[in-house]
Amino acid sequence: MAELDIKDIIREENLVYKKSTLLTDNVMHYCPGCTHGVVHKLVAEVIEEMGIQEQTVGVSPVGCSVFAYNYIDIDWSEAAHGRAPAVATAIKRLMPDKYVFTYQGDGDLASIGAAEILHACNRGEDIVVIFINNAIYGMTGGQMAPTTLVGMPTATCPYGRDISLNGYPLKMTELVAQLPGTCFVTRQSAQSASAVRKCKKAIRKAFENQNKKKGTSFIEVVATCNSGWKMNPVKANEWMEKHMFPFYPLGDLKDCEKSPAEEYNKYMEE
Amino acid sequence: MGELRLMKGNEVIAEAAIRAGADGYFGYPITPQSEIMETLMARKPWEETGMVVLQAESEVASINMVYGGAGCGKKVMTSSSSPGVSLMMEGVSYIAGAELPCLVVNIVRGGPGLGTIQPSQADYFQAVKGGGHGDYRLIVLAPNSVQEMNDHVALGFDLAFKYRNPAMILSDGVIGQMMEKVELSDFKPRLTEKEIIEKYGDWATTGKPGTRNQNVITSLELQSEIMEKRNQHLLKKYESMQQDVMYEEIMTEDAEYLFVAFGSSSRICQKAIEIAREKGIKVGLFRPITLYPFPTKQLKERGQKMKGILSVEMNAGQMIEDVKLAVECKVPVEWFGRFGGIIPSPQEIVDALEQKIIGG
């Protein structure tokens, strides 16, 4: 059998996958094994597939994904730490026909920005929230996050998170699911091909909800921070499946067909 | 002649915002300025002009909503009073860093801390010298009448957009709460997305069309060499604001002594001038209307001809530092003020002039 030339393989008709045109060629600053790159790719693909690049404004946080605007070629507003939901609220209210999403980590969303996320969700702001939960502060060097598991060591709880000292890990997704303003609340992951597919489907659904004026769509992605966790990427994924998933179970918590106002009226009648 | 009304200073801010074609107001209740949002909510401008009015969960959220809205090229504002404005300082610094236009109204009350709900001018330093972190400046307007509360809303927006910089109206509980005759501005329509681009440039986050590069609103720059250039650019911009300096002089032509006062203090000084002149003391008033840019050159010119200057402020002596710098300490400058929510009487001011300057 004659040897195949690489040029014979790389042909238009053989292509099954390509990089989203919305992903820039900038080299990502994320560590190898980090979940951010995968979720960035999914967000870019969803925006491109929906053809909404010209109507989309992203709000990036403070944390590892502070430079999200360097990687996805859309308009971005870089918010102060925790304030992305407030920034997104104004963008959406002033330009109601645009697609607006925040992309936040656990320190940003669940700690310093706890008030902003709860109130944006409670007002039923017509935005998408993508919440990356890797249970640690990555950018500042691996300190304890509100979502750090009990017993899990970090730079500021080196002997493991101690309930008597640090309180309990915060389940933001369960919290916002209680609010009548949210219409779609789900917890996903992105460590395997099937998980990535499910995660992308959830992101797509959340973006499609914005057209329907149904309220806030909230996607938590349980993620790894192998550098912060001091593990290699494979070990980090195993650790996440073994320890994070039991405490942060995957799946949809809420998926309403109706708008928050309709849901609320139904609840009051009952 | 525009529409004449008898109105509270706070109510006028709301009315003037609608008439200036503002796109959005985001605020949180605090005394003594809650009438601003109350007036807007009662007026329902979203039915009239499409203006968004939203009660936020905190001042922190309010100012960050302003950040988001201003980043879309919209004419957005917030209002608060001293403790609330302190909470906004982080956001104000980000807005200045990202070079966004917006209007912040501070109806000042006495501090520090929770202080009092009575009027004060104790936030001069915060407004003029910083307040938030980093090297930045606000455009600061100091109205001294309900009429100027009206005028400074449109002016504040104009200057904010001219320099792509946050502007602040530094007023106080006296002007916010008092009623006066006011000639309201005519209605200006809100700008469309296209008009905003034509008028102010194509920098806002309105969604990236294929015809331009992405727009990013940020104050972040990790490379020191580039950050220093950004700082230099800001510095140059702040210096250029001198061309928009505003001030007023009353009875200064023949004056031997000078009151320097802004806002409600300057109104009391006008009465003090009458009392002093009846006694044969030739005193005039120099009133900075823009506290930043401060009318340094103009005050130097007038002030250095004086025998003495009294800086009259409803605080523990803040603007006096800028007055001394302006006249390069070549003339005696003293401070007189009441604080904690106390408003000085005209007689007290005349007494202070006699004791601290003339007799001193």
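Reply: Happy to. Chain A has 11 helices and 9 strands; helices are DSSP runs of H or I with at least four residues, strands are runs of E with at least two, and both are numbered from the N terminus. This is a predicted model, in which local features need pLDDT of at least 70, side-chain atom pairs count only at pLDDT 80 or more, and totals for chains, interfaces and linings use all residues. Residues are numbered from 1 along each chain as its sequence is written, while chains are lettered from A and ligands numbered from 1 in the order in which they are written.

Me: How many of the residues of chain A count as buried?

Reply: Of its 270 residues, 51% do. Buried stands for 20 or more other C-beta atoms within 10 Å of a residue's own, exposed for 12 or fewer, and partly exposed for anything in between, with C-beta atoms placed from the backbone.

Me: Which elements of chain B supply the side that touches chain A?

Reply: The contact takes 29 residues from chain A and 32 residues from chain B, and residues are in contact if their C-beta atoms, placed from the backbone, lie within 7 Å. On the chain B side, β2 (24–27), β3 (52–55), α4 (59–71), α5 (82–97) and β9 (216–217) each supply at least two residues. The most come from α4(B), with 7 residues. By class, this side of chain B has 14 nonpolar, 13 polar and 5 charged residues. Here Ala, Val, Leu, Ile, Met, Phe, Trp, Tyr, Cys and Pro count as nonpolar, Asp, Glu, Lys and Arg as charged, and the others, Gly among them, as polar.

Me: Why are strand β2 of chain A and β9(B) said to pair?

Reply: Pairing requires that DSSP finds at least two bridges between two strands. Strand β2 (residues 75–78) of chain A and β9(B) have 2 bridges, in the parallel sense, so by that rule they pair. A:Ser77 has B:Ile217 as its bridge partner.

Me: What makes β2(B) a partner of β3(B) and of β4(B)?

Reply: Bridges again: 4 join β2(B) to β3(B), running parallel, and 2 join β2(B) to strand β4 (residues 76–80) of chain B, also in the parallel sense. B:Gly27 stands opposite B:Gln55 in β3(B), and B:Gly24 stands opposite B:Val76 in β4(B).

Me: Which residues of β2(B) point which way?

Reply: B:Gly24 and B:Phe26 point one way, B:Tyr25 and B:Gly27 the other, and all are buried. In a regular strand, side chains alternate between the two faces of the sheet.

Me: How do α3 and α5 of chain A meet?

Reply: The axes of helix α3 (residues 84–94) and helix α5 (residues 114–123) of chain A come within 7 Å and cross at roughly 35°. Axes are lines fitted to C-alpha atoms, for helices over the stretch in contact, and angles run from 0 to 180 degrees between N-to-C directions. A:Pro85, A:Ala86 and A:Thr89 in α3(A) meet A:Glu116, A:Ile117 and A:Ala120 in α5(A).

Terms used: Contact = placed C-beta atoms within 7 Å.
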